[in-house]
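Reader: I would like to learn how to read a few geometric features of a model. Please take them one at a time, with the general idea before the case.

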There are 2 protein chains.
Amino acid sequence: MRQFILLMMTTALLAGTAVADDLHETASDMFKPLPSTIPSVADNPITPEKIELGKALFFDPRLSASGVFSCYSCHNLTTGGDDNLETSIGHGWQKGPRNSPTVLNAVLNEAQFWDGRAEDLKAQAKGPIQAGVEMANTPETVIATLKSMPQYEAWFDDAFPGETEPVSFDNLAKAIEAFEATLITPAPFDAYLNGDKNALNEQQKTGLALFIDKGCAACHSGVNVGGHGYYPFGLIEKPGADILPPDDKGRFAVTETVDDEYVFRASPLRNVAVTAPYFHSGKVWSLKVAVQIMAESQLGEELSDEEADAMVAFLESLTGTLPDITLPNLPPETQSTPRPVAEIER
Amino acid sequence: MRQFILLMMTTALLAGTAVADDLHETASDMFKPLPSTIPSVADNPITPEKIELGKALFFDPRLSASGVFSCYSCHNLTTGGDDNLETSIGHGWQKGPRNSPTVLNAVLNEAQFWDGRAEDLKAQAKGPIQAGVEMANTPETVIATLKSMPQYEAWFDDAFPGETEPVSFDNLAKAIEAFEATLITPAPFDAYLNGDKNALNEQQKTGLALFIDKGCAACHSGVNVGGHGYYPFGLIEKPGADILPPDDKGRFAVTETVDDEYVFRASPLRNVAVTAPYFHSGKVWSLKVAVQIMAESQLGEELSDEEADAMVAFLESLTGTLPDITLPNLPPETQSTPRPVAEIER
């Protein structure tokens, strides 16, 4: 009898190992660990000088008309690369239309914004600076601001050597993209994909298996566990108007194709556990509730409490570590720096 | 003739050296270089744990009701420790009544705020968190916010070991004070006071001599070149209402003594060249103009263009270097974290 029990235990352990091996293999097919070096980006060779300039620009509130907001304001690097608000608050205390997505690992998304309307980070970076409800500035004023500070001119010279007009709105965007490309956050899930099968605990492995089996990974896959592909929110069952406001038709605004009504880019899920609230509307603060809503609306699945908890545990394994970021030392304004304008109409 | 010229030159050089020695000696009597270690503060022993906690709190926008503002918002460490606005913009886009003073070296001021109404930084730190036009929060909500995040509870335990209620509004203020005490910025003027007589160039030395001779150093002296003592703005001649708005009576609001009408704490002048705009009203963007206004209103002196330029050159030697500041990694909200409230009336 004792020998039989031992045999049974050995079989169970072996089966467990086989399941674990299978899960690792399946996961390795669907996901990719973060690269160990800064990703390259199209048309923008990344150099240390460009990264440093981009960091200065990212932190500089003088890129906004009011002097109050920088990129960092809504993409706060101390709190997951977003702003922890339903939708961002911008110029004149206006509320933006959508939840601020995290800038962390964003360089690895197929396209930027909830509706993918910017093909990359350098296209994205130009948006909020000009948006009336965000930084409310103009390229002309931004360039005048930068050109008023000799240190910025020198930094642009270093970052874009040999160019006749280094201080340009295009180059500003390229420098910001270069800095943002460094914001890569390796997580326990990367260690797991890289071969450390103990990097996830049992509940997280159960969650990963469910994430694959239930079909979540059909859209949320690849290196960013999402961030590519466009899908209707409410594929099976539309969520209520509180979560999916009828006046925001998503990618329809980009393509003007009826098929794209309420279509959004599949959210990248890295650091999702630290970037509440959820969805483009930012209406859901609980990751567990968000998971349950997604299961119902996209897959027609009602998750048990244990399943949802395991899924959340897996998603927590996507919380990564940001490289150390030292604050830049920004140059002072000069007499020719445009003055901050807090009024809503300039 | 050649020998006579040589003799004259030698005399002039010797006299120059004597003048330089005199200037150094006089300056050493009136000013003090920054300390080489973190200054101690009253009733708040500074520990590495307290500094780290204070840094997290300083950067955390969840200390504000709206989730938009942190201490860092108006005391931006990338731009001289202030916000480069006339007066700060806070909750609901309200304009604060006075220009945001720099947090750099503020630990060495005799008292805090333009009117000195807080005796130290721990008293100061509690003000903006609760001010309706700034962070618009309450101590109760702040404590509920901090207690909702286990990481903060652990950090408070580490910073205030053995206390029965480590997470308190008083301890929050002490931790912020501890972090702020590290924001010390040694400048060329410190090198000069420490004995490197070449740390200032000739124009800066001329400016320093004028600063002393004209009487500026009567109020702006000591380690922070100001930051202690209270004086009426407009001692000799009141500036116009644009610069000295009649409804802000300064220290009168603190002491309710007629003698204190339009009285302010002498501004600490470290980093003044990178913290425009100037005065409590923030109405003057040019340091040279600010110097000229001060000479007229406080000393009844009209400075020549060269004198004002030399004074500005000297003030630029007070621009210091901040220690490297690495962004903290803040804990995520939990389900019990109070949600951000953007409305003006809570």
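Author: Start with the loop between β4 (263-265) and α11 (287-299) of chain B, where Pro277(B) lies. Helices (H or I, at least four residues) and strands (E, at least two) are DSSP runs, numbered from the N terminus. This is a predicted model, in which local features need pLDDT of at least 70 and side-chain atom pairs count only at pLDDT 80 or more, while totals for chains, interfaces and linings use all residues. Residues are numbered from 1 along each chain as its sequence is written, chains are lettered from A and ligands numbered from 1 in the order in which they are written, and side-chain values use heavy atoms, with hydrogens and water left out.

Reader: Which peptide bond is cis there, and what is omega?

Author: Most residues other than glycine have a negative phi, and most peptide bonds are trans. Here the bond joining Ala276(B) and Pro277(B) is cis, with omega about -5°. In chain A, the bond from Ala276(A) to Pro277(A) is also cis, with omega near -5°. As for phi, Asn84(A) has a positive value of about 60° although it is not a glycine.

Reader: What does the largest cavity look like in numbers?

Author: Rolling a probe the size of a water molecule over the atoms shows where empty space is left. A cavity is a set of points, on a 1 Å grid over the protein atoms alone, where a 1.4 Å probe fits but cannot get out; lining residues have an atom within 4 Å of a point. The largest cavity has a volume of about 390 Å³, the volume being the space filled by probe spheres set on the points, which are joined across faces, edges and corners. Of its 29 lining residues, those closest to the centre are Val68(A), Ser73(A), Val68(B), Phe69(B) and Ser73(B). At least two lining residues come from each of α3 (71-74) of chain A and α3 (71-74) of chain B.

Notes:
1 Å grid on protein atoms, 1.4 Å probe; cavity = no way out; pocket = protein on both sides within 12 Å on 5 of 7 lines; lining within 4 Å.
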